[in-house]
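Hi,

Here is the structure I promised to pass on. Have a look at it first, and my notes come after.

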Amino acid sequence: MNWMRDAVRWLMATALMVMAMGSQAQAVSGEYVLGAGDQIRISVYQNPDLLLETRITEGGSISYPLLGNVKIGGLSVTDAEKKIASGLKDGNFLKQPQVAILVLAVKANQVSVLGQVNRPGRYPLEAGNSKLSEILAQAGGIVQSSGSDIVVVSGLRDGKPFRKEIDFPKVFASSGTVADLPLQNGDSIWVDRAPQIYIYGEVQRPGAQILLRDTTLLQALATAGGLTLRGTERGIRVHRRDEAGEVKIVQPGMNDKLQPGDVVYVKESLF
């Protein structure tokens with residue numbers, strides 16, 4: 001029965017330790033891969049003298065009592081626990097060592113979030129399956145009314161350059177047309193400015209405006225306050241740059257969709 005009481009005490013002590021550490025010490029899933037810079041705490045059941053709080057070196061190793069240098073960089077938390085336990089057992093230091101590793105600070109596996117987000121910076125991948133939406137949430141989300149719906153993720157996949165444009169609202173669309181991309185260490189997330197159009201001439205509020213998805217000419221004119229008393233619908237022209245970079249003048253219908261960079265000019269009525 002003594003072993004049961006010891007086991008209960010061990011479980012209670014472990015739970016209290018995790019709760020006390022709060023936000024500064026978060027247990028990381030076994031899928032998390034340890035790397036250089038990660039700060040960890042290693043404990044061995046019923047062996048407080050083997051408790052160690054340390055940081056993984058650039059070479060991916062730590063210096064652990066009785067074992068010396070142990071390379072755990074590139075291993076999952078679970079595999080690192082097994083490696084240390086095996087070293088203690090194979091060295092005849094302990095018969096059945098029970099090793100627990102707690103990640104205190106994630107420094108190795110990070111992604112960069114840049115552009116039109118509320119809190120740009122570097123964010124840790126605290127689990128092996130962190131998704132794009134989770135990291136953007138940590139960054140405070142896309143800046144409303146100025147951030148683009150298109151999010152660009154770049155990095156490496158299988159040692160090759162990787163770049164993907166994601167229409168972010170479609171991640172949460174009812175049809176689920178775009179997957180929530182899993183991120184990897186070293187990825188960069190870029191949120192560009194939302195596309196704009198420019199309206200001048202005989203409108204109430206000329207100037208630049210954000211081009212919302214599927215905005216028509218009629219909607220853009222309404223956002224600009226409508227035509228002045230001197231404006232005429234028949235005198236509306238749109239200056240549009242094509243793929244070759246040449247500007248062409250088109251005369252769209254009121255229900256035609258505008259394109260990024262369009263310049264809308266409303267002429268004055270002659271009568």
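This is a predicted model: local features need pLDDT of at least 70, side-chain atom pairs count only at pLDDT 80 or more; totals for chains, interfaces and linings use all residues.

Below are notes on a hairpin and on the salt bridges.

Residues are numbered from 1 along each chain as its sequence is written, and side-chain values use heavy atoms, leaving out hydrogens and water.

Strands E3 (residues 61-64) and E4 (residues 68-71) pair in the antiparallel sense over four bridges. Strands here are DSSP E runs of at least two residues and helices are H or I runs of at least four, numbered from the N terminus; two strands pair if DSSP finds at least two bridges between them. Tyrosine 64 has glycine 68 in E4 as its bridge partner. Three residues lie between the strands, and leucine 66 in this hairpin takes a positive phi near 75°.

Now the salt bridges (a side-chain nitrogen of Lys or Arg within 4 Å of a carboxyl oxygen of Asp or Glu). The whole structure has ten of them. One joins aspartate 149 and arginine 213, at 3.1 Å from N to O. Aspartate 149 sits in strand E8 (residues 147-157) and arginine 213 in the loop between strand E12 (207-210) and helix H4 (217-223), 64 residues apart.

Another joins arginine 157 to aspartate 187, with the closest N and O atoms 2.8 Å apart. Both of these residues are buried, meaning under 20% relative accessible area, where exposed is over 50% and partly exposed is in between (1.4 Å probe, protein chains only).

Best wishes
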